[in-house]
Amino acid sequence: MIINTPPLGWNSWNTFGKQISDEVIRETARAMVDSGLRDIGYDYVIIDDCWAEKERDENGRLVPDPEKFPNGIKALAEYVHSLGLKFGIYSCAGDRTCADYPGSFDHEFIDAETFAEWDVDYLKYDYCFRPRETPGHILYKRMGTALANCGRDIVFAACSWGADNTREWIKTTGAHTWRSTGDIYDSWESIKKLAMQQTDIQSTNGLGCFNDMDMLVVGMGGKGNVGLTGCANEEYKLHFSLWALLCSPLIIGCDIRNMDDAVKNILTNEKVLKINQDPAARQAYMINSHGDRPIWVRALSNGDFAIGLFNYNDTAVRLHFSIADLGLNCVCGKKLELEDVWTDEIKEVDGLFCDTLPAHGFRLFRGRVRNL
Ligand code: GLA
């Protein structure tokens, strides 16, 4: 298996959109190292759409835009690798990419060979301009097969936004991650919309093909290509905690060359990252039935639980759960110790845990069962 836990990294789209260049990517890769993001586990630097010339060359090969990438892609990948990072690129299952550059339809094998030659480690594969006659699972199987046979380990990150019942067929395509949602924007409404869409799909998450809830907007502050109103840092924390708990890839989208300490502290919370990267990579399950104020639980590999309570409403709500709700035997003299992974505070629960969450509030705990 190429990956056993959800990928961690950075992608150019949220901040830079079309305005990408060799310089931006090199500076960002450097910032991954200098900021400590690399050392804490973020290792993919991914170029999104808009890196290519508008047309293929006479041999049918993709050509990097010479103005944006004068050194070519292979040299850039080499630089990224020299910093101890991995390199990702973007293409699309249709004729054209979403921003109207050449897509890989009917060129899957030659493109996978090209990416392997350029030492690419990760391919994000979009779903725009797809031929209507060919079902999505065939389009993704063709690229999945091409990558599996290209002679290099390349993470296959499918990006069909959950369309056409993606979750029913995606595991047959060789994809390592699958985008379950439409595009994220930097606003509370966008985070809430994507969060609410997760209620029914967790059963198709987990080891083998991680549910990608889209890139993070943490730290964008309303700037950049998908910048809208921006969010408060507490909302960014909720967003990061939820994505981490639900085992999504954590792909940073802000300009990490200029992030402040508050943003860095969110993105580098080790306890949250440890939950996301838990080696068992089990999917979360919801233990209540309110999509707007869910309680998500994940059984971690060492017997601990990750427990997240979220409030997507604009007013405070009261939430509670008991040890029995976690699926544990509560009549045998056990209590639950809850460690708040943001405040480090420890609470003991031997019956019911109750808490009032403010509007857009959340709690994320690591829970351990102890004898009374
Ligand atoms: C789609 C994807 C986005 C981004 C853009 C690029 O909208 O969902 O994540 O890759 O295309 O054009």
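This section describes the aromatic pairs, charge-ring contacts, cavities and cysteines of a predicted model.

A pair of aromatic rings is described by the distance of the centres and the angle of the planes. In this model the count comes to 16 aromatic pairs. One of them joins Tyr44 and Tyr122 in a tilted arrangement, with 5.3 Å from centre to centre and 50 degrees between the planes. Tyr44 belongs to strand E2 (residues 44-46) and Tyr122 to strand E4 (residues 122-126), so this pair ties together parts that are 78 residues apart in sequence. Tyr44 has a relative accessibility of 5% and counts as buried because the cut-off for burial is 20%. Tyr122, at 3%, is likewise buried. A further tilted pair is formed by Phe310 and Tyr312, whose ring centres are 6.5 Å apart and whose planes are at 35 degrees. Both Phe310 and Tyr312 are buried.

Ring pairs also build a cluster that consists of Tyr125, Tyr127, Tyr140, Phe156, Trp161 and Trp169. Tyr127, a member of this cluster, has Arg130 over its face at 3.9 Å from the ring centre. A second contact of this kind involves Lys54, which lies over the face of Tyr101 at 4.1 Å from the ring centre.

Two cavities of 30 Å³ or more were found. The largest cavity holds about 90 Å³ of space. Its lining is made up of Asn11, Ile46, Tyr122, Lys124, Ala157, Ala158, Cys159, Arg179, Asp212, Asp214, Met215 and Ile251. Strands E4 and E5 (155-158) each contribute at least two residues to the lining of this cavity. By class, seven lining residues of the largest cavity are nonpolar, one is polar and four are charged.

Asp49, Cys50, Trp51, Ala52, Tyr90, Ser91, Thr97, Tyr101 and Pro102 form its lining. Six of these residues are nonpolar, two are polar and one is charged.

A disulfide is a covalent bond between the sulfur atoms of two cysteines. The model has one disulfide. It is formed by Cys98 and Cys128, with the sulfur atoms 2.1 Å apart. The torsion about the S-S bond of Cys98 and Cys128 is about 95 degrees, and the disulfide is therefore right-handed. The bond links distant parts of the chain, 30 residues apart: Cys98 is in the loop between strand E3 (86-92) and helix H4 (108-117), and Cys128 is in the loop between E4 and helix H5 (136-148). Cys98 is partly exposed, with a relative accessible area of 33%, whereas Cys128 counts as buried at 16% relative accessibility.

Two further cysteines were considered for pairing. Cys150 is in no disulfide, and the nearest cysteine sulfur, that of Cys209, is 18 Å away. At 15% relative accessibility, Cys150 counts as buried. Cys231 is also in no disulfide; for this residue the nearest cysteine sulfur belongs to Cys254, at 12 Å. The relative accessibility of Cys231 is 13%, and Cys231 counts as buried.

Methods:
Residues are numbered from 1 along each chain as its sequence is written. This is a predicted model: local features need pLDDT of at least 70, side-chain atom pairs count only at pLDDT 80 or more; totals for chains, interfaces and linings use all residues. Side-chain values use heavy atoms; hydrogens and water are left out. Rings of Phe, Tyr and Trp (its six-membered ring) pair if their centres lie within 6.5 Å; planes under 30 degrees apart count as stacked, over 60 as edge-to-face and the rest as tilted. Helices (H or I, at least four residues) and strands (E, at least two) are DSSP runs, numbered from the N terminus. Buried means under 20% relative accessible area, exposed over 50%, partly exposed in between (1.4 Å probe, protein chains only). A charge sits over a ring if NZ of Lys or CZ of Arg is within 6 Å of the ring centre and within 35 degrees of the ring normal. On a 1 Å grid over the protein atoms alone, a cavity is a set of points where a 1.4 Å probe fits but cannot get out, and a pocket is an open set with protein on both sides within 12 Å along at least five of seven lines; lining residues have an atom within 4 Å of a point. Grid points are joined across faces, edges and corners, and a volume is the space filled by probe spheres set on the points. Ala, Val, Leu, Ile, Met, Phe, Trp, Tyr, Cys and Pro count as nonpolar, Asp, Glu, Lys and Arg as charged, and the others, Gly among them, as polar. A disulfide is a pair of cysteine sulfur atoms within 2.5 Å.
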